[in-house]
Amino acid sequence: MTKLGIFLGLVFLASVGRAQVLPGLVQLDKTSFDKIVTKFEYSLVKFDVGYPTGDKHKNFGKVALQISEVDNLFMGEVRIKDYGDKANEDMADRFNVDKDKKALPETILFTTKDGTLTEVARYGGDYSVDNLRLFISSKAGVYLKLDGCIKELDTLAEKFSRATNKDDREKILFAAESWAKEKGEDALVYVKIMKASLDTGNAGVEKEKARVEKVMDNKASEKVAAKMSRKMNVLNSFSVRDEL
């Protein structure tokens, strides 16, 4: 085991016994923050209340566990207490995080890509597992497979969304059809979206997103909802990622 692995293990063990400790989610303070975060190219850190509960906290922990095998990515949390020793209020001040409980959690993506700790972006989503993963993928350029998605087809989907004319989109569709022959049913979802959007490009993709969202909002059966969720993951691959 590496020195870093041993250190992370000790940090986690030291936190066992505190309420709401989740596997894979390391608690940070002013002593450990820089020691750990600076060892990774990207770090997603959740600033939260002293004893976080609920789906936001649990889903963040789920993603932290899922990305444990990604070498250049770390996820942790800073718990801010507004009572007693006011633990980590100094960390909130350092990163300009609102300490009001109603404003928490605040989640920040950091990078050390250029040799110094730099803020990349702040998360503004709903803390669903899929949206947290999508945020990491789009902002850090780290591929995290979503349910129903295929890495090679995700790459083609982004190229399709960048294409400015039908001829280019047709070339990308041809490549997607070739992949579909060996990737199976999940790959055909990409092909169908591309065929339906050949003439209109991103407008066609957005129209299909709206249709799928409507189906999901209409209290579809569990089976249909799961299918639509997988399709929405694929549709979200048809977007131009931010350049970091």
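This is a predicted model: local features need pLDDT of at least 70, side-chain atom pairs count only at pLDDT 80 or more; totals for chains, interfaces and linings use all residues.
Visitor: How far apart are the end C-alpha atoms of helix 7?
Guide: Helix 7 covers residues 166-183, which makes 18 residues. At 1.5 Å a residue, the helix should span 26 Å. The distance between its end C-alpha atoms agrees with this, at 25 Å.

Visitor: Within what arc do the buried residues of helix 7 fall?
Guide: The buried residues of this helix are R169, I172, L173, A176 and A180. Seen down the axis of helix 7, they line one face, because their directions fall within an arc of 110°.

Visitor: Which helices are among what covers the buried residues of helix 7?
Guide: The cover over these buried residues includes residues 151-162 and residues 185-196. Those two stretches are helix 6 and helix 8.

Visitor: Which residue has a side-chain oxygen that reaches the backbone nitrogen of D167?
Guide: This contact sits at the start of helix 7. The oxygen comes to within 3.2 Å of the backbone nitrogen of D167, and it belongs to N165.

Visitor: How many residues apart are D147 and R230?
Guide: The side chains of D147 and R230 meet in a salt bridge, with 2.7 Å from N to O. The pair links distant parts of the chain, with D147 in the loop between helix 5 and helix 6 and R230 in helix 10.

Visitor: Which helices are linked by the salt bridge of K195 and E177?
Guide: The side chains of K195 and E177 meet at 3.7 Å, N to O. The two residues are 18 residues apart, and they link helix 8 with helix 7.

Visitor: Is E208 buried or exposed?
Guide: The side chain of E208 meets that of R211 in a salt bridge of 2.8 Å, N to O. Both residues lie in helix 9, 3 residues apart, about one turn of the helix. Buried means under 20% relative accessible area. E208 has 18% relative accessibility, so E208 counts as buried.

Definitions and conventions:
Residues are numbered from 1 along each chain as its sequence is written. Side-chain values use heavy atoms; hydrogens and water are left out. Helices (H or I, at least four residues) and strands (E, at least two) are DSSP runs, numbered from the N terminus. The expected span of a helix is 1.5 Å times one less than its number of residues. Buried means under 20% relative accessible area, exposed over 50%, partly exposed in between (1.4 Å probe, protein chains only). The arc is that of the directions from the helix axis to the C-beta atoms. Contact means heavy atoms within 4.5 Å. A polar contact is a pair of N or O atoms within 3.5 Å; within protein, one must be able to donate a hydrogen and the other to accept it, and residues adjacent in sequence count only if both atoms are side-chain atoms. A salt bridge is a side-chain nitrogen of Lys or Arg within 4 Å of a carboxyl oxygen of Asp or Glu.
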